[in-house]
Amino acid sequence: QEPERRGVAMRRVTTQGGRAPVTGPAAWLVRFAGVNSIVCPLGFGGFTIPAIVSVAQGHGILYTLGNPTYGNGPFERIGVPTTVPLLLAFLAACLVQFAGGLLLIWLRPSGFVVVPLGMLLSVPFWWGFDLPFAWLSAALVLPTLAAAWAVYRKATRHPGESRRSSA
């Protein structure tokens, strides 16, 4: 007899005893939600690092394609200057959301909590740095995350149901 072949989507990853592994299309939807969740933190977190260096060296905020990165937004209009600690706090929020996306890619259910937490931590920075694409990303991530959560819950509670209905 040939040993059972298990691909990446077939890996058993559960946190509670008695739960079935997430496999097939359900696993890929959860992973898609994870990939979708890391786009924003990768983009904004990536630009944060050179901005931190520039502000720390006294050069001020950087401009990309004629737009200020993390400056000249509502924060500065209300008297909150762009400083290294402020940028580090935003980078930390981006890292939390990035970690949540990775957890989902690895089919860890804790990612369903960590991604929205990272987004909530990032919201003040999205507003304060005037980052409209972050809001658009959230509008795409949250429904995908909700759909992935519903599929994940169904797949782990009723593992044989989808196989029986397709037969």
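This is a predicted model: local features need pLDDT of at least 70, side-chain atom pairs count only at pLDDT 80 or more; totals for chains, interfaces and linings use all residues.
I began with Ala89, which is partly exposed at a relative accessible area of 35% (buried means under 20%, exposed over 50%, partly exposed in between, with a 1.4 Å probe and protein chains only). Ala89 belongs to helix H3, residues 84-105 (helices are DSSP runs of H or I with at least four residues, numbered from the N terminus).

Residues are numbered from 1 along each chain as its sequence is written, and side-chain values use heavy atoms, without hydrogens and water.

Next I looked up aromatic pairs and found 13 in the structure (ring centres of Phe, Tyr or the six-membered ring of Trp within 6.5 Å; planes under 30 degrees apart are stacked, over 60 edge-to-face, the rest tilted). The pair Phe112 and Tyr152 is tilted, because its planes meet at 50°, with the centres 5.5 Å apart. Phe112 is in helix H4 and Tyr152 in helix H5 (residues 132-157), so the pair ties together parts 40 residues apart in sequence. I recorded both Phe112 and Tyr152 as buried.

I also followed a cluster linked by ring pairs, whose members include Phe44, Tyr70 and Trp127. Trp127 is placed in helix H4, residues 111-128, and is partly exposed, with a relative accessible area of 43%.

Definitions and conventions
Helices (H or I, at least four residues) and strands (E, at least two) are DSSP runs, numbered from the N terminus.
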